[in-house]
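Have a look at the model first.

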Amino acid sequence: MIGSISLGASFFHCISYCLEDKRTLTEEQKIKKSLEDGLQHKDRAEVLAYNKCFGNKYELAEQFKEVARLSRRVEKPVLHLSLSLPPGEQLNRNQLIEAGQELAKEFGVDDNQYLIIQHKDTNKQHIHLVANRVGYQGKAASTSNNYLKMDRLCRRLEKKYRLQQVLSAKRFLPKEQKLTPRHDSRKEKMKNDIQQSLKKAKNYDDFVKRMQVLGYQIIKGRGITFIDDKKVSVKGSDLGYSLMTIEKLLQRNQTQELKQENISKVQEQEIKKPSANQQIIATNARLRRRITEKQHSSFFEKSPLEELQKGIGGIISELLNPGYPETDEINPELLKEAHRKKKRKKPTW
């Protein structure tokens, strides 16, 4: 169970909000939405109880103002409280009235003017209590420790009606329980969504768009606040992502993107530019191609070596065949002459 507290100066505006339908919807839209979600968008408000007051919104506002004049020192006599149950949990009509009466008693307005209203246009059952802080004796109900009062009441009602129990805020816990680590799934989800959006975001506007797609609203001022689809707002600093931290992370993303672009350009240039090994391979290929072409062309032309071989072959052929008459006999005179020359020749040693 979750409670809310607000103070105000106008009874009429507060009572009108609680008793009327949403002004943003036309009659046709109310009927259409009721058919779509099965909720009651037309005549959404039901008054469960009146305490020392009666009538429509005009009559109620006038009665509250008359009593509030008994204490001119109170600038905000309107006390607006609400109790909301988680989706799926229900209380019957009498239990809702009892919860509203305990709410009035907890805040010290059970003897004052108040009315309890139930809204039926959401899937979370909830009630509103509009009370006059000023009583018939001219005394105003105290507003000190309002949040502590609401926290204690919600925990008490959860046990009484066996509702889902919600963890109290740390500041309302005993000292020993404050030191115990606690897991807040809502904050963890919000933190994870911020982290993932920051990883992909190129700049702040891109980051905001990514968070809006996930259902968040962002309020940026001196700091930054995130509001989820349940209208729960959390400061960025409470999640470890202050505005300064987010800006630093986005700046780092931009720097990394520029570095990556430069690296990609250098790699493209290196791919287009041949390496030293590639140049050597290309040069060797050209040389081999030229040698092959030269050998191919010289196949059809006579080289000087071939001419030389041909000349030597001719000389040998002439020596072997000097052109003398062919005969099978050797001249005896020539043989004798050769023997004589050999005998006359003396050794050189």
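**Exercise 1. Work out how α7 and α8 pack against each other.**

Start with who touches whom: D193, I194, S197, L198 and K200 in α7 meet D206, F207, R210 and M211 in α8, where contact means heavy atoms within 4.5 Å. Next, sort these residues: four are nonpolar, one is polar and four are charged (Ala, Val, Leu, Ile, Met, Phe, Trp, Tyr, Cys and Pro count as nonpolar, Asp, Glu, Lys and Arg as charged, the others, Gly among them, as polar).

Before going on, a word on the ground rules. This is a predicted model, so local features need pLDDT of at least 70 and side-chain atom pairs pLDDT 80 or more, while totals for chains, interfaces and linings use all residues. Residues are numbered from 1 along each chain as its sequence is written, and side-chain values use heavy atoms, leaving out hydrogens and water.

Now the geometry: the axes of α7 (residues 185–200) and α8 (residues 204–213) come within 9 Å and cross at roughly 140°. (Axes are lines fitted to C-alpha atoms, for helices over the stretch in contact, with angles from 0 to 180 degrees between N-to-C directions.) That makes α7 oblique to α8, since angles under 35 degrees count as roughly parallel, over 145 as roughly antiparallel, 65 to 115 as roughly perpendicular and the rest as oblique.

**Exercise 2. Count the disulfides.**

Look for cysteine sulfur pairs within 2.5 Å. The count comes to zero. Take C14: the nearest cysteine sulfur, that of C18, is 4.6 Å away.

Key: Helices (H or I, at least four residues) and strands (E, at least two) are DSSP runs, numbered from the N terminus.
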